[in-house]
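Here's a quick tour for anyone new to reading protein structures. Take a look at the model first, then go through the notes by topic.

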Amino acid sequence: QLYRVGMDEFPDSLVLRFNLVRTALHFGRPRDQSAALKLAGETLDKPAEIWQVDPLGDVFPWDFFNTFFNYRSYFDRVTEHFTRGTDVRGSLVRLLLASLHYYRGHYSESLEDLKKAMELDPEFPFYRLSYAQHLLRRGRPEDYGAAGDLLIPLAENSMLFKEAFRL
């Protein structure tokens, strides 16, 4: 409820929307989860340029369902902003939108959303692994080569080497 009140006051705050979606998906009732997925979709349907992100915005940290959001890169960008004065708004927006695509893809098994998450945040290995898993599950002939192209670098040089090698 707190996030909904905040969104009424600050409708362009991407961090408020993001936190609401995450909280509802992980801790909400089925109707809350449905509403969160709808909100994620509405958010993703709007141009990235409209979203407001303040580097001081309180995004849940790395230990809050850490495979769904690249908090490390988010925090690195925020640190870069405060230590070097770098404008990081665009990269923060991309990281948040990547995670929203991943959530929607995770819950709907949408390959398009999983791929978009990976494209918006190519550094985050969990997005690449999930997209590769879904390609393999779909099992079209062209999917195997695409999945292999994603899995080989993960198996060679990532913290997900064991999972990627197994696949």
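Helix 5 and helix 6 cross each other in a left-handed way. Keep in mind that what you're looking at is a predicted model.

**How the helices pack**

- Let's stay with helix 5 and helix 6: their axes are 7 Å apart, and the packing angle is about 160°. Angles over 145 degrees count as roughly antiparallel, so helix 5 is roughly antiparallel to helix 6.
- Helix 5 also pairs up with helix 2, which covers residues 14–27. The axes of these two helices come within 11 Å, and they cross at roughly 25°.
- Is that pair roughly parallel or roughly antiparallel? The cut-off for roughly parallel is under 35 degrees, and helix 2 and helix 5 are therefore roughly parallel to each other.
- The handedness of the crossing between helix 2 and helix 5 is left-handed.
- Now look at helix 7 and helix 8, whose axes come within 9 Å and cross at roughly 150°. That angle makes helix 7 roughly antiparallel to helix 8.
- Helix 7 and helix 8 cross in a left-handed way.

**The largest pocket**

- How big is the volume of the largest pocket? It comes to about 280 Å³.
- The lining of the largest pocket is made up of 17 residues. If you want to find the middle, look for Asn 70, Arg 72, Phe 124, Pro 125 and Met 159, which lie nearest the centre of the pocket.
- Which elements give two or more residues to that lining? They are helix 4, helix 7 (125–138) and helix 8 (141–156).
- Sorted by class, the lining of the largest pocket has 9 nonpolar residues, 5 polar ones and 3 charged ones.

**Two loop residues with positive phi**

- Phe 65 isn't a glycine, yet its phi is positive, near 50°. You'll find Phe 65 in the loop that runs between helix 3 (30–45) and helix 4 (71–84).
- Glu 109 sits in the loop between helix 5 (89–108) and helix 6 (111–120).
- With a relative accessible area of 48%, Glu 109 is partly exposed.

- Leu 2 belongs to helix 1, which spans residues 2–9. The cut-off for exposed is over 50%, so Leu 2, at 71% relative accessibility, counts as exposed.
- Where does Leu 2 sit relative to Leu 39? The two are 37 residues apart along the chain, and their C-alpha atoms are separated by 15 Å.
- Arg 166 is part of helix 9, which covers residues 161–166. Arg 166 is exposed too, because its relative accessible area is 60%.
- From Arg 166 to Leu 151, you count 15 residues in sequence. In space, these two residues are 9.5 Å apart, C-alpha to C-alpha.

Conventions:
Residues numbered from 1 in each chain as written. Predicted model: local features only at pLDDT ≥ 70, side-chain atom pairs only at ≥ 80, totals over all residues. Heavy atoms only, no water. Helix = DSSP H or I, 4+ residues; strand = E, 2+ residues; numbered from the N terminus. Buried < 20%, exposed > 50% of the residue type's maximum accessible area, 1.4 Å probe, protein only. 1 Å grid on protein atoms, 1.4 Å probe; cavity = no way out; pocket = protein on both sides within 12 Å on 5 of 7 lines; lining within 4 Å. Points joined across faces, edges and corners; volume = space filled by probe spheres on them. Nonpolar A, V, L, I, M, F, W, Y, C, P; charged D, E, K, R; others polar. Axes fitted to C-alpha atoms, helices over the stretch in contact; angles between N-to-C directions. Parallel < 35°, antiparallel > 145°, perpendicular 65-115°, else oblique. Left-handed = near helix turned anticlockwise from the far one by under 90°.
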